[in-house]
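Here are some notes to go with your first look at this one. Have the sequence and the 3D view open while you read.

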Amino acid sequence: MKRQAINPANDWGAGFDMNQAEVISDFSELIKFSGQTSLIADSTADLGVSVKHPNDQRKQMEFILNSIDGLLEQAGMTRKNIIHIIFYTTDMEGFLGNYDVYSNWIKEANIRPTQSAIGVNQLVSPEMKLEIEVTGAQ
C-alpha cells in the first residue's frame with residue numbers, strides 16, 4: 001500500500017497527528033470497522049452488555065484503542081494500515097483533553113491518518129463518552 005499525504009501550506013493537522021487528505025493506492029484489501037465502544041458482555045444487564053469504565057472518557061479511549069489493535073491483528077493488519085478514523089464523542093472538551101491517548105497510540109505507527117471528531121448528544125448508553133470508527137487498507 002502506498003500513501004501520499006495531502007496538506008495545506010499551514011499544516012495545522014500535524015499538531016493532531018493527522019493529514020488533511022491522503023491518496024491511498026496499491027492496496028488489495030480494505031477493512032471497515034463498526035463503531036468501537038467500551039461495551040462488554042454482561043449477562044446481568046438488560047441488553048446483555050454494559051459499559052466498561054462508565055463516564056471515564058480516558059479509560060474508554062484506552063479500552064477502545066486496545067480493542068482496535070485486537071481486531072486489526074485478527075485481520076492480519078496493524079495500526080500502520082489505518083487510513084481513516086472517526087471519533088464520536090458526547091464531550092468534545094473531554095475528548096480534546098484526552099487526545100494524547102490517541103496521539104501516543106498512533107505515533108507508534110508513524111502515520112497520520114485522516115480523521116474527523118464529531119460531537120453527538122448521546123451514544124448507545126448515557127455512560128458512553130466515545131465511539132471510534134476505523135477504515136484500514138493493505
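**Notes on helix 3 and its surroundings**

1. Helix 1 passes helix 3 in a right-handed crossing. Keep in mind that this is a predicted model.

2. Now for the geometry of that pair. Helix 1 covers residues 57–74 and helix 3 covers residues 99–107; their axes come within 9 Å and cross at roughly 25 degrees. An angle under 35 degrees counts as roughly parallel, and helix 1 and helix 3 are therefore roughly parallel to each other.

3. Which residues make the contact? On the helix 1 side they are Arg58, Met61, Glu62, Leu65, Ile68 and Asp69, and on the helix 3 side they are Asp100, Val101, Tyr102 and Trp105. Sorted by class, this contact has six nonpolar and four charged residues, with no polar ones.

4. Helix 3 has other partners too. Its buried residues are Tyr99, Val101, Tyr102, Ser103, Trp105 and Ile106. Besides helix 1, these buried residues pack against strand 6 (82–89), helix 2 (92–97) and strand 7 (114–119).

5. Next, the aromatic rings. With ring centres within 6.5 Å taken as a pair, the count comes to eight aromatic pairs. One of them joins Trp12 and Phe16: the pair is edge-to-face, at 6.1 Å centre to centre and with 80 degrees between the planes.

6. Tyr102 and Trp105 make another pair worth a look. Their ring centres are 6.1 Å apart and their planes sit at 40 degrees, so this pair is tilted. Both residues belong to helix 3, where they are three residues apart, or about one turn of the helix. Tyr102 and Trp105 are both buried.

7. Last stop: Tyr88, which lies in strand 6. Its relative accessible area is 19%, and buried means under 20%, so Tyr88 is buried. What does Tyr88 contact, leaving aside its neighbours within four places in sequence? The list is Ile118, Val120, Leu123, Lys129, Leu130, Glu131 and Glu133. As for Asn121, it is 33 residues from Tyr88 along the chain, and the C-alpha atoms of the two are separated by 9.7 Å.

Definitions and conventions:
Residues numbered from 1 in each chain as written. Predicted model: local features only at pLDDT ≥ 70, side-chain atom pairs only at ≥ 80, totals over all residues. Heavy atoms only, no water. Axes fitted to C-alpha atoms, helices over the stretch in contact; angles between N-to-C directions. Helix = DSSP H or I, 4+ residues; strand = E, 2+ residues; numbered from the N terminus. Parallel < 35°, antiparallel > 145°, perpendicular 65-115°, else oblique. Left-handed = near helix turned anticlockwise from the far one by under 90°. Contact = heavy atoms within 4.5 Å. Nonpolar A, V, L, I, M, F, W, Y, C, P; charged D, E, K, R; others polar. Phe/Tyr/Trp six-rings, centres within 6.5 Å; stacked < 30°, edge-to-face > 60°. Buried < 20%, exposed > 50% of the residue type's maximum accessible area, 1.4 Å probe, protein only.
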